[in-house]
Amino acid sequence: MGLLTYLKSLFILQLLMGFVFVVSGLIINFIQLCTCVLWPINRQLYRRINCRLSYSLWSQLVMMLEWWSGTECTLYTDQATVDKFGKEHVIIILNHNFEIDFLCGWTICERYGVLGSSKVLAKHELLKVPLIGWTWYFLEIVFCKRRWEEDRDTVFAGLDRLKDYPEYMWFLLYCEGTRFTEKKHQISMQVAESKGLPKLKYHLLPRTKGFTTTMQCLKGTVTAVYDVTLNFKDKQTPTLLSIVNGKKYKADLRVKRFPVEEIPDDEQECANWLHKLYQEKDALQEQYNKEGKFPGPTIIPPRRPWTLLNFLFWATLLLSPLINFACGVVVSGSPLLIIGFITFLIIASVAIRRLIGVTEVKKTGSSYGNQEAKKQN
């Protein structure tokens, strides 16, 4: 076990994994670009192909969590809810406290066959991020600038297009709008006080506009809302970098299903329902902090081999020519080639580190609490 831990910490292996992810991602993006010719001819075929292509990319990240770091994911829910996973269109509400909360969500999506068709209401800045934003664009992800006056038409049009999506989709909403930090929490609770809303200890005040709009636009398509609360054993705070280093965590996800019939149609009543839900999530977090677990039965969905097989396919395809080229450079003895190759490795490592940086809490700022942000609710 000590040897395995040491191997996972080797930068060269991490760099090779990053190389496989980046290059395969660029190849996938190119194929996605080519599929655009199908859009006016057969939109559903375009969508099915892009679901498979996005799965091929995102499953590499899931592989890192499941197989590389060995992180375990336990569901706290009932079997009746689990039986519906991957068999209906749903909206997912997830707390936004950790750098890898999206990765834990993707892991559950993969285990129930909806990873390729998973959606999210994402901030517009991510559209400019290579691989992530580009893949999401082809997957019809809805992007917003968090300024409702500018987002209104874009969000309505994007959600309206998803009504006839051919694959079962899980549409993820981070209703808090940004990751939890103490500073953001203070500002958020000032907003709650000004609006006469109960204060939350472990969450930011939810931004209701995105939720009510999504419910309104996807009514008749989604059949349920899944409220998901994520925590890690022993109050650990994992990062994507620690996952890359092979560190193992234990994730607990509490899932509660709400049929859409139980959620009010009226916008204000729907917003009140969301505020009440977050008050319940706050109480649930309090209980977890005291007992170290959520209430109710547990289910551990088995991990599937497809994420590992997919990565091994891309690794075999891409690393063989890279290793052959590297050996050729060394054998040639050419200072120019060797310097060029080292420069390439440096640039690659910097690029991969910047991609990881996208997930870091300290680098994901927010305008939460300013006048524009307040107007969104």
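Which strand and which helix each supply at least two residues of the lining of the second largest pocket? They are strand S6 (224-232) and helix H11 (267-291). The model is predicted.

**Annotated regions**
- An unreviewed UniProt entry annotates residues 90-212 as "domain: Phospholipid/glycerol acyltransferase".

**Second largest pocket**
- The volume of the second largest pocket is about 440 Å³.
- Its lining consists of 23 residues, and those nearest the pocket centre are Asn 97, Phe 98, Asn 231, Gln 236 and Thr 237.
- Sorted by class, the lining of this pocket has eight nonpolar, nine polar and six charged residues.

**Cavities**
- Rolling a probe the size of a water molecule over the atoms shows where empty space is left.
- The model has two cavities of 30 Å³ or more.
- The second largest cavity has a volume of about 30 Å³.
- Residues lining the second largest cavity are Leu 197, Pro 198, Leu 200, Leu 205, Pro 206, His 275, Tyr 278 and Gln 279.
- Six of the residues lining the second largest cavity are nonpolar and two are polar, with no charged residues.

**Helix H7**
- Helix H7 spans residues 148-161, which makes 14 residues.
- From first to last C-alpha, H7 reaches 19 Å, close to the 20 Å expected at 1.5 Å a residue.
- H7 has a kink of about 25 degrees, centred on Thr 154.
- The buried residues of H7 are Trp 148, Asp 151, Val 155, Gly 158 and Leu 159.
- An α-helix has 3.6 residues a turn, so residues three or four places apart point the same way.

**Thr 307**
- Thr 307 belongs to helix H12 (residues 306-332).
- Thr 307 counts as buried because its relative accessibility is 0%, and the cut-off for buried is under 20%.
- Thr 307 and Arg 52 are 255 residues apart along the chain, while their C-alpha atoms are separated by 12 Å.

Definitions and conventions:
Residues are numbered from 1 along each chain as its sequence is written. This is a predicted model: local features need pLDDT of at least 70, side-chain atom pairs count only at pLDDT 80 or more; totals for chains, interfaces and linings use all residues. Side-chain values use heavy atoms; hydrogens and water are left out. UniProt positions are given in the numbering used here, feature names are shortened, and annotations may be inferred rather than shown by experiment. On a 1 Å grid over the protein atoms alone, a cavity is a set of points where a 1.4 Å probe fits but cannot get out, and a pocket is an open set with protein on both sides within 12 Å along at least five of seven lines; lining residues have an atom within 4 Å of a point. Grid points are joined across faces, edges and corners, and a volume is the space filled by probe spheres set on the points. Ala, Val, Leu, Ile, Met, Phe, Trp, Tyr, Cys and Pro count as nonpolar, Asp, Glu, Lys and Arg as charged, and the others, Gly among them, as polar. Helices (H or I, at least four residues) and strands (E, at least two) are DSSP runs, numbered from the N terminus. The expected span of a helix is 1.5 Å times one less than its number of residues. The bend at a residue is the angle between axes fitted to the seven residues ending there and the seven starting there. Buried means under 20% relative accessible area, exposed over 50%, partly exposed in between (1.4 Å probe, protein chains only).
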